[in-house]
Amino acid sequence: MAITEIQELAASQGGVVVTTQAGRLGADRNALRRAVSRGELLHLGRSVYALPSHVDTEASAAEQAEQRHRLLGRGLLVVYPDAVLAGRTAVVAH
C-alpha cells in the first residue's frame, strides 16, 4: 500500500478519504494510524480521514475547526452518499 494512492484519492474527493476506500487500496487501520502519526493524513472522526493540506495551519483555531468540520461533512457524504447535511454542518459546507 502506498500512501500516495490514498492521498490522490482524497485529493480527487475534496481532500477526504474513508476507511473502506483506503482498505480497497490495501491500507488497514494500522497503516492509517501510522499515516496520521507521520502527518500524512488527519483523522477527523470515525472512518473519515483528510489531507493535512486542506487545513490552513496559519489560520486561527476557530477557522481550523471550521475547515475540519467542512471536511468531516464531505467525508460523511462519502460514507453515506444519500445523506443530507443539516444544521451547522450544512452552514459550514455552504
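1. In the hairpin formed by β2 and β3, with 2 residues between the strands, Ser47 adopts a positive phi near 75°. Ser47 is a residue other than glycine, and it lies in the loop between β2 and β3. Most residues other than glycine have a negative phi. Ser47 counts as partly exposed because its relative accessibility is 21%; the classes are buried under 20% relative accessible area, exposed over 50%, and partly exposed in between, with a 1.4 Å probe and protein chains only.

2. Basis of the note. This is a predicted model, in which local features need pLDDT of at least 70 and side-chain atom pairs count only at pLDDT 80 or more, whereas totals for chains, interfaces and linings use all residues. Residues are numbered from 1 along each chain as its sequence is written, and side-chain values use heavy atoms, with hydrogens and water left out. Helices (H or I, at least four residues) and strands (E, at least two) are DSSP runs numbered from the N terminus.

3. The sheet. Three strands form an open sheet in the order β1-β3-β2, with antiparallel pairing. Both β1 (16-18) and β2 (42-45) stand at the edges with a single partner strand each, so one side of each lacks a neighbour in the sheet. Neighbouring strands are turned by 35° against each other on average, direction ignored; the axes are lines fitted to C-alpha atoms, and angles run from 0 to 180 degrees between N-to-C directions.

4. Strand pairing. β2 and β3 (residues 48-50) pair in the antiparallel sense over 3 bridges; pairing requires that DSSP finds at least two bridges between two strands. Leu42 has Ala50 in β3 as its bridge partner.

5. Nonpolar cores. A nonpolar core is a set of buried Ala, Val, Leu, Ile, Met, Phe, Trp, Tyr and Cys residues joined through side-chain atoms within 4.5 Å. The largest has 12 residues, among them Ile3, Ile6, Val17, Leu32, Leu41 and Tyr49. The elements giving two or more residues to this core are α1 (3-12) and α3. A second, separate core of 8 residues includes Val16, Val18, Ala50 and Leu71.

6. Leu32. Apart from its neighbours within four places in sequence, Leu32 is in contact (heavy atoms within 4.5 Å) with Ile6, Thr19, Ala22, Ala27, Leu41 and Tyr49.

7. Helix α4. This helix (residues 61-79) has 19 residues and reaches 27 Å from its first C-alpha to its last, close to the 27 Å expected at 1.5 Å a residue; the expected span is 1.5 Å times one less than the number of residues. Gln67, His69, Leu71, Gly73 and Gly75 are buried in α4, and the cover over the buried residues of this helix includes β1, β2, β3 and α5 (87-93). Gln67 is buried, with a relative accessible area of 17%. Leaving aside neighbours within four places in sequence, Gln67 is in contact with His54, Val55, Asp56 and Ala59.

8. Glu40. This residue is found in the loop between α3 (29-37) and β2, and at 21% relative accessibility Glu40 counts as partly exposed. Its side chain makes a polar contact with the side chain of Arg38 (2.8 Å); such a contact is a pair of N or O atoms within 3.5 Å, where within protein one must be able to donate a hydrogen and the other to accept it, and residues adjacent in sequence count only if both atoms are side-chain atoms. Not counting residues up to four places away in sequence, Glu40 touches Ile3, Gln7, Ala35 and Pro52.
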